[in-house]
Each structure stands twice: as structure tokens, then as C-alpha cells.
Amino acid sequence: MQLLIVHQDAEVGEPLVAMVKEYTDNRCGFATSDRAALDWARGVPRCSLLLTHLHREGGNGLNLGAQIRIGETACGDSG
């Protein structure tokens, strides 16, 4: 499973990534912006789980999820 955590504050996001890695075998990425999240998503076959705020300063989690999914579909991953 590929997990991505998006949070503008690294002091919050990085400990979450460490927790995921400590307690699971899942791959976990971290980004502090939509742009960084999209860059991360281009480097993985599929984002299985996206954790982000729905409404946050400088972004919208629903739009980000849709953009990541569109990128996956463009690369041929239909689900």
C-alpha cells in the first residue's frame, strides 16, 4: 500500500509518517503542499490512501485527491 500524508506543518506530518513506518509495512510519503504531493504521486504506481485536510490554507483535499487519481488514470491504472 502507498500512503501519502499531506500537512503544511512538518512537525505534525513527519511524526505521523514515522508512526506508519513503525507500526505497518506500508510505504508512506509526506508532502507539505499540493505541488509536492503531486510530484510524489508521479513517482509511485498508485496512491492507496491519502490523508489530508479537506479545506486548508492554499489547497483543498478533495481537489488534490482528484488530481492524483486523474494522474493515475492517465498512466493506465484503472483501479
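This dialogue reads a few local features of a predicted model.

Q: What should I know about the numbering and the model?
A: Residues are numbered from 1 along each chain as its sequence is written, and side-chain values use heavy atoms, with hydrogens and water left out. The model is predicted: local features need pLDDT of at least 70, side-chain atom pairs count only at pLDDT 80 or more, and totals for chains, interfaces and linings use all residues.

Q: Where does H7 lie?
A: Elements come from DSSP runs, numbered from the N terminus: helices are H or I, at least four residues, and strands are E, at least two. H7 lies in the loop between β1 (2-6) and α1 (10-23).

Q: Is H7 buried or exposed?
A: Buried means under 20% relative accessible area, exposed over 50%, partly exposed in between (1.4 Å probe, protein chains only). H7 has 18% relative accessibility, so H7 counts as buried.

Q: Which residues does H7 touch?
A: Contact means heavy atoms within 4.5 Å. Leaving aside residues up to four places away in sequence, H7 touches V12, G13, F30, A31, T32 and H53. A polar atom of the H7 side chain also lies 3.0 Å from the backbone nitrogen of D9.

Q: How many disulfides does the structure hold?
A: A disulfide is a pair of cysteine sulfur atoms within 2.5 Å. The structure holds zero.

Q: What lines the largest pocket?
A: On a 1 Å grid over the protein atoms alone, a pocket is an open set of points where a 1.4 Å probe fits, with protein on both sides within 12 Å along at least five of seven lines; lining residues have an atom within 4 Å of a point. The largest pocket has a volume of about 160 Å³. Of its 10 lining residues, A41, R42, I68, G71 and E72 are the closest to its centre. α2 (34-42) and α3 (61-74) each supply at least two lining residues. The largest share, four residues, comes from α3.

Q: Where is L54 found, and which residues does L54 touch?
A: L54 is in the loop between β3 (49-51) and β4 (55-56). L54 is partly exposed, at 49% relative accessible area. Not counting residues up to four places away in sequence, L54 touches N60, G61 and L62.

Terms used. Polar contact = N/O pair within 3.5 Å; in protein donor to acceptor, adjacent residues only side chain to side chain. Points joined across faces, edges and corners; volume = space filled by probe spheres on them.
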